[in-house]
Amino acid sequence: MDNKKIHVMAIGAHAGDMELTCGAVLTKYAMNGHKVTLVHMTSGEKGHPILSGDVYKKQKDKEANEFAGKIGAQAMILPYKDGELLDSEEVKFYVCDLIRQYKPDILITHWKNSIHKDHEATYKIVKDAVFYASIKSFQRDLSPHCIRALYFAENWEDPEDFKPYIYIDVSETYNIWIEALKSYEFIGNSPYFKYLDYYNALSIVRGAECRRERAETFAIEPLGIKQIFDYFPVK
Ligand SMILES: [Zn+2]
């Protein structure tokens with residue numbers, strides 16, 4: 001990679017989603033001096049087995065900021081409610097304005113198919129927001145901004161038709177990432193899913209597939225899966 005510093009923005013439905021699914025890559029970018037922003041559409045405040053949504057929201061917001069601080073990133077929590085996120089034009093233009101304001105080069109979000117409605121809504125919101133942000137004719141206060149690439153992170157809740165396309169070696173930042181994940185209570189203690197075990201093991205599996213120690217993978221839109229040559233490439 002050249003020395004140019006870029007801005008990587010990850011937009012997840014709930015605080016914790018992007019941290020788990022692409023957190024090691026975000027750590028790698030931040031550690032190498034790039035700007036990294038984690039945007040949470042909601043705090044994910046309805047997921048606690050005991051605490052009320054109001055109380056848990058305060059905790060999740062604190063945890064989101066703590067994780068971001070540990071890897072050298074910024075966290076942003078948008079004003080939407082867990083489980084009630086709508087892929088409305090209003091929300092899409094909110095994210096459009098955010099893209100125009102912060103000008104990310106690379107955007108990461110959820111894959112289109114998910115067992116969670118907020119994840120699917122986030123995919124639709126981000127995809128249209130990227131489009132709206134890039135077109136001058138969508139007149140807003142801020143001038144247009146075109147991102148350079150959109151990637152979809154690998155999430156156990158978004159598995160249908162997800163095909164890893166980009167593999168990124170995260171061996172060097174694995175330990176920092178795991179330590180930062182401990183900011184979140186649910187990641188180590190959820191009674192519903194063994195998050196830490198799953199994503200730890202997944203990084204080993206994906207690493208083995210690309211003959212590295214650990215890796216995180218990303219999908220792209222199917223239309224982008226093409227390589228163009230004049231003759232067959234050979235190694
Ligand atoms: Zn989620």
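This is a predicted model: local features need pLDDT of at least 70, side-chain atom pairs count only at pLDDT 80 or more; totals for chains, interfaces and linings use all residues.
Student: Which protein atoms are the donors of the zinc ion?

Tutor: Look for N, O and S atoms within 2.8 Å of the metal. Here the protein donors are His-14 (ND1), Asp-17 (OD), Asp-17 (OD) and His-119 (NE2). They lie 2.1 to 2.5 Å from the zinc ion.

Student: How are the donor residues spaced in sequence?

Tutor: Read the pattern as H-x2-D-x101-H.

Student: Is the zinc site tetrahedral or irregular?

Tutor: Check the angles. Four donors count as tetrahedral if all angles lie between 85 and 135 degrees. The angles among these 4 donor atoms are 55 to 139°, and the site is irregular.

Student: Are His-14 and Asp-17 buried or exposed?

Tutor: Buried means under 20% relative accessible area. Both His-14 and Asp-17 are buried.

Student: Which way do the residues of strand β4 point?

Tutor: Sort them by side. In β4 (residues 106–109), Ile-106 and Ile-108 point one way. Leu-107 and Thr-109 point the other way. All of these residues are buried.

Student: Which strands pair with β4?

Tutor: Follow the bridges. Strand β1 (residues 7–14) pairs with β4 in the parallel sense, over 3 bridges. Met-9 stands opposite Leu-107 in β4. Strand β5 (residues 149–153) also runs parallel to β4, joined by 4 bridges. There, Tyr-151 in β5 is the bridge partner of Ile-108.

Student: How does the chain cross from β4 to β5?

Tutor: Trace the path between the strands. The chain passes through helix α4 (residues 117–134). This β-α-β crossover is right-handed.

Key: Residues are numbered from 1 along each chain as its sequence is written. Side-chain values use heavy atoms; hydrogens and water are left out. Donors are N, O and S atoms within 2.8 Å of the metal (3.2 Å for Na, K and Ca); water is not among the atoms, so sites may look incomplete. Four donors count as tetrahedral if all angles lie between 85 and 135 degrees; four count as square planar and six as octahedral if opposite donors are over 155 degrees apart and all others between 65 and 115; anything else is irregular. Buried means under 20% relative accessible area, exposed over 50%, partly exposed in between (1.4 Å probe, protein chains only). Helices (H or I, at least four residues) and strands (E, at least two) are DSSP runs, numbered from the N terminus. Two strands pair if DSSP finds at least two bridges between them. A crossover is right-handed if, with the strands pointing away from the viewer, the path from the first strand over the helix to the second runs clockwise.
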